[in-house]
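Here's a quick tour of the charged pairs in this one. Have the model open and follow along.

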Amino acid sequence: MFPNSILGRPPFTPNHQQHNNFFTLSPSLYSHQQLIDAQFNFQNTDLSRAVSLQQLTYGNVSPIQTSTSPLFRGRKRLSDEKNLPLDGKRQRFHSPHQEPTIVNHIVPLSGERRYSMPPLFHTHYVPDIVRGVPPFREIPFLEPREITLPEAKDKLSQQILELFEACQQQVSDLKKKELCRTELQREIQLIFPQSRLFLVGSSLNGFGTRSSDGDLCLVVKEEPVNQETEARHILTLVHKHFCTRLSGYIERPQLIRAKVPIVKFRDKVSCVEFDLNVNNIVGIRNTFLLRTYAYLENRVRPLVLVIKKWASHHEINDASRGTLSSYSLVLMVLHYLQTLPEPILPSIQKIYPESFSPAIQLHLVHQAPCNVPPYLSKNESNLGDLLLGFLKYYATEFDWNSQMISVREAKAIPRPDGIEWRNKYICVEEPFDGTNTARAVHEKQKFDMIKDQFLKSWHRLKNKQDLNSILPLRTAILKR
């Protein structure tokens, strides 16, 4: 926490109140008078002038009509961003607890909150940010079901549980991120009154750790957004607002003009690093799909956490460097648990198609996990056996050359013949839009390194039956 002398305001602590099944977070980062001042002062900033100077040309057609680029699908945080070009192609973010007194952290502001703002777009750039975005309404915070951790009767399983309990994201961690999201949404609505800000990725999907960064998605419409034009322009305005209006609360805001642009920043109050993108609709949907799997069976979350830690330790968990994103790793774990002779997980998209339909409006997506009861599997394998089985499956059983990992189908399926799948070393199907989440692995050297690590770790762990043989526990716990 930063000193009050730096922040220029009293210590910022959340006040949690339960009222009529609604969970509210207060007080605000900004006083009512500050928000009024923001509205007044914003009209005197040079944001509109900056926009007018930016000549965006789309011929005689609206950019919304011509936008054909796919939705942004996120990216893995760079572990050493200083050494990488800022305009490099970005991969899917997923980067990625007792979590839960909170399931839905998507709290749109009430419909009455509107601001009269100057024109923000060049005359040839007028996106329809209202069409397709549902009206704002308050959504209740739903209590997740209680879930007990599995028993650990052997050393390896006990080590996995200890690592999980030490590193899993805590309720307090999540509340800090949610509080920041709430206040940033209010500020961004000074620029885009009809927009909404979503917390997505590992912070909310149940697979986060104490060190997980926050991923935010700004939704301006429930339609594809051209990432190289519309999204970049929107984030330019957001970045300028952060630099001018919120410099006391946000530090190091950085607009990264990549193929898929983001704004990176650090919140001084929560000390959390955030990445903000525009219109990652698929990322919002798969956040709640993964959250459902996370709490469907009590062995899922500890197993995913130890595998993510293992992959990071062996440097095969960084899509920006040509290895696996955390999102791909999670899907690989779910796929393995679905394909056991006695499955531990089903395909919930097959069993509950209505709850996970891509047609569901975004303000209803958070309800999907509540419609799925716990899955009762006859498989009684302990965590240690499942970790060994996971490593063995991808080291010796899975056919990388001809098969694709599909959580949607709950099985390995033949690779498609589309251009996105040709000459790819690893194929992991995105459950909603069918793209390849592992497309970052495009070098044979990196693919061989990944396969080699699965094989070596399997042999080592099978012989030693000690997690330290493949993942030093002390180091992993210190990193959280």
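This is a predicted model: local features need pLDDT of at least 70, side-chain atom pairs count only at pLDDT 80 or more; totals for chains, interfaces and linings use all residues.

Residues are numbered from 1 along each chain as its sequence is written, and side-chain values use heavy atoms, with hydrogens and water left out.

The structure holds 18 salt bridges, each one a side-chain nitrogen of Lys or Arg within 4 Å of a carboxyl oxygen of Asp or Glu. Here are three of them:

| Pair | Closest N and O atoms |
|---|---|
| Arg 186 and Glu 183 | 3.4 Å |
| Glu 409 and Lys 350 | 3.1 Å |

Take the Glu 409 pair. Glu 409 sits in the loop between strand E8 (403–406) and strand E9 (411–414), and Lys 350 sits in helix H11 (residues 348–351), so their contact ties together parts 59 residues apart in sequence. Helices (H or I, at least four residues) and strands (E, at least two) are DSSP runs, numbered from the N terminus. Glu 409 is partly exposed, at 21% relative accessible area.

That label has cut-offs: buried means under 20% relative accessible area, exposed over 50%, and partly exposed in between (1.4 Å probe, protein chains only).

Arg 186 and Glu 183 both belong to helix H6 (residues 171–188), three residues apart, or about one turn of the helix. Glu 183 is buried at 2% relative accessibility.

As for the remaining pair, Asp 318 is buried at 9%, whereas Arg 321 is partly exposed at 28%.
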